[in-house]
Amino acid sequence: MSQFVSQNQQFHREKIMAESFYKSLDIGKDVANTRTLLHEAIPLTGTIVSGTYSDNNIKNYAHGMFQSVYDYPYLSSSANHIFDLTVGVSAQSGLYSSVTSQKSKKLNIYNQMAQVLAGYDHTGSIQRFDQDGNILAGGAKLDNVFFMNFSRLLIKDEIKKGTFELELGVNSDYDQAGVVFTRRIKLTDLSGSNGYLVNSPVGEYGVLYATQSFGTNAVLAANQYYAVGLLFYQAGVAVISGSVFHDAAKGGILHTTNTDSTRLLSTSGYHGLDIVTGSTNEVIADSLRNRIYNVQFNNTVELNSSVYFCRINHNEYNYSTNPTYLSGSKIRVKTQSSDLPVSYITSVGLYNDNNELLATAKLSEPLKKSSDTEFTIRVRLDY
Amino acid sequence: MGFLDNSGDIILDAVLTDHGRKLLAKGDGSFQISKFALADDEINYTLYNATHASGSAYYDVEILQTPVLEAFTDNAGSVKSKLISYGSMNLLYLPVVKINQLNSSTKMHTSGAFIVAVDAETEGTADNVTTYSVGYNAGQPVPGVIFGSSLAGDNRIRLDQGVDSSEISPKERLDPDLIEDSYIIQIDNRLGKIATINGDMVPEDYIDDDNIAYYTVDVGLVSQITDESAGLSEAIAGPRGTRLEFKIAASIDLNTSTFLFSQLGGTSTLEGKAVKHIDSIVRVTGMKTGYSVDVPVRFAKSTIS
């Protein structure tokens with residue numbers, strides 16, 4: 001009894017904290033903000049986009065503007081959209097006047113993508129895609145192009161620079177049994193990791209370069225890197241020149257004698273991207289899709305974190321409101337008042353000024369807290 | 001020569017609660033983390049063995065082996081039993097909150113919960129006990145049945161606070177800093193609301209995303225226990241603090257519809273009458289000590305409607 005009275009007297013001397021459950025965080029000292037970049041490898045084998053699912057993972061639309069590719073038959077709830085394919089032809093293209101199928105759609109697609117990705121010149125006119133990105137210097141333009149628009153699910157915040165690879169089968173024969181892949185070229189953003197361009201309204205982009213990746217004879221017209229497209233890292237769009245399927249005689253990059261222009265459509269006499277003149281977007285997307293051997297890149301997620309330093313002093317949080325903490329009203333972990341109080345931390349709650357619980361964190365195992373220990377628990381909240 | 005342990009601070013990944021996500025989405029600045037609290041929800045202190053044969057290092061060996069669950073995103077189900085700081089390290093007794101059932105008007109129903117009769121038919125009247133009413137028996141109010149529609153009668157819920165130990169005389173004064181002068185009451189807002197014993201409605205502080213209403217109550221519902229005797233009407237054996245008394249008003253939904261009874265409840269027999277019912281709990285937490293009690297409540301509606 002006297003023990004209890006003495007406790008009371010002690011309480012009169014030692015004021016109990018007004019809010020003894022919650023400890024305020026000093027924003028200046030106890031909160032830190034960090035930024036972390038995370039990368040994931042995204043490999044897409046060609047069999048997924050042509051063959052594995054008998055094209056049940058390919059979605060075409062009545063409007064005929066583009067084709068969507070999924071990683072599983074798209075009627076399934078498990079399917080994820082991975083990219084879209086379409087084709088664009090500039091009004092300045094030599095092929096444009098010959099286009100007879102979906103001419104306006106191909107022009108509209110080109111202009112739409114160009115105005116978003118390449119922007120406008122000082123007169124307000126839409127700029128065409130520049131082959132090397134050096135717009136002021138003029139130079140070759142990409143007027144007949146394929147667009148691969150990757151899903152946000154794959155690219156997350158952006159494609160990691162210097163990691164993009166697209167391998168295309170360029171054998172001239174059209175064949176669904178693998179013959180198209182007996183000669184291959186690989187498109188990479190070769191300079192992406194140490195050099196990229198920033199004169200686009202949608203962020204950074206790099207030039208895609210083509211090299212021979214497979215084939216017993218020379219596949220390319222010359223043993224060199226050919227600039228054949230642009231890769232917009234944040235937008236997640238690859239712009240691929242039609243020249244990748246043309247031989248040198250037709251203004252492309254392929255070897256004239258050993259490769260010839262790639263026949264994209266078996267039922268047509270067209271060679272290379274000449275297919276754009278008489279085929280629909282859907283047919284052209286099918287043709288390109290069947291030439292994709294492999295696509296891979298790393299994506300980037302920008303993780304912004306707040307780290308809260310929860311500092312627990314030796315004289316804090318040594319008691320519990322756990323219903324099992326008391327037997328009657330007596331503290332179970334003490335046999336006499338002079339024993340040190342003990343509690344066990346399993347959770348940390350983060351609150352606002354109204355004491356509303358906004359976030360929780362858990363320890364992997366109970367952490368013993370007594371008046372002879374102090375801790376700083378770092379709680380990280382990612383956004 | 002071994003390396004020193006450089007693991008340093010403990011690093012935890014936090015998850016937003018559903019309420020946190022809601023406030024973040026509102027974008028009005030209410031998502032502003034400014035304080036923290038610690039909890040020990042998984043810990044069972046009865047495993048603390050102060051007589052372990054191997055010595056004090058083994059007293060808590062079973063507690064330390066307790067597996068910890070992943071974080072819940074339900075704000076109402078997380079960080080429930082908080083750790084608390086007291087200035088003194090010499091406390092041996094702490095106050096508790098207990099349901100006082102020692103008076104006929106504060107008794108729980110014999111079914112093991114407080115019954116809230118949600119409409120007039122279920123309440124009945126003293127002079128007209130119908131086939132459906134459960135509130136009266138032989139003209140007398142049935143103990144443990146709260147009239148949730150009219151808020152009439154004396155039946156109510158009473159909780160007493162203090163040190164519940166016969167080792168200490170109730171004549172001892174509880175330290176003012178351990179006396180609760182306000183409580184938080186949590187109740188499912190779809191089912192009921194908190195009212196004073198006079199039948200006046202109490203405004204809630206806020207209702208969270210899980211429809212749990214939070215009430216902070218003090219004057220009007222909380223009063224000092226002045227009885228220092230070891231009388232039979234006191235639930236607290238030792239020094240006493242305050243008592244909390246309140247009634248529960250049925251929600252409009254329960255009063256006028258059986259939808260929630262069909263969705264959340266069942267049917268049973270109460271006082272010999274067939275009723276639809278929903279079982280719930282009302283949580284009462286002391287603002288100072290954090291001690292909480294779950295009060296079992298059954299909302300009942302006669303099958304007349």
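**Where chain B meets chain A**

Modeller: Keeping in mind that this is a predicted model, there are 41 residue pairs in polar contact between chain B and chain A, with both partners at pLDDT 80 or more.

Biologist: Which elements of chain B give two or more residues to the side that touches chain A?

Modeller: Those elements are β1 (10-16), α1 (18-26), β2 (35-39), α2 (61-64) and β3 (83-84) of chain B, and β1(B) gives the most, with 7 residues.

Biologist: And by class, what is on that side of chain B?

Modeller: The side of chain B that touches chain A has 44 nonpolar, 21 polar and 16 charged residues.

Biologist: How many salt bridges are there between chain B and chain A?

Modeller: The count is 3 salt bridges, and one joins the side chains of A:Arg380 and B:Asp13, at 2.9 Å from N to O.

Biologist: What about area, how much is buried between the two?

Modeller: About 8000 Å² is buried between chain B and chain A, with carbon and sulfur atoms giving 60% of that area. In chain B, the residues that lose the most area to chain A are B:Lys35, B:Phe36 and B:Leu92, which together make up 11% of what that side buries.

Biologist: Switching to strands, in which sense do β17 of chain A and β3(B) pair?

Modeller: Strand β17 (residues 319-320) of chain A and β3(B) pair in the antiparallel sense over 2 bridges, and A:Tyr319 stands opposite B:Ile84 in β3(B).

Biologist: Where is confidence lowest in chain A?

Modeller: Confidence is lowest in helix α1 (residues 2-13) of chain A, at a mean pLDDT of 36, although the mean for chain A is 88.

Conventions
Residues numbered from 1 in each chain as written. Chains lettered and ligands numbered in written order. Predicted model: local features only at pLDDT ≥ 70, side-chain atom pairs only at ≥ 80, totals over all residues. Heavy atoms only, no water. pLDDT = per-residue confidence, 0-100. Helix = DSSP H or I, 4+ residues; strand = E, 2+ residues; numbered from the N terminus. Buried area = accessible area lost by both parts, 1.4 Å probe. Salt bridge = Lys/Arg side-chain N within 4 Å of Asp/Glu carboxyl O. Polar contact = N/O pair within 3.5 Å; in protein donor to acceptor, adjacent residues only side chain to side chain. Nonpolar A, V, L, I, M, F, W, Y, C, P; charged D, E, K, R; others polar. Pairing = 2+ DSSP bridges.
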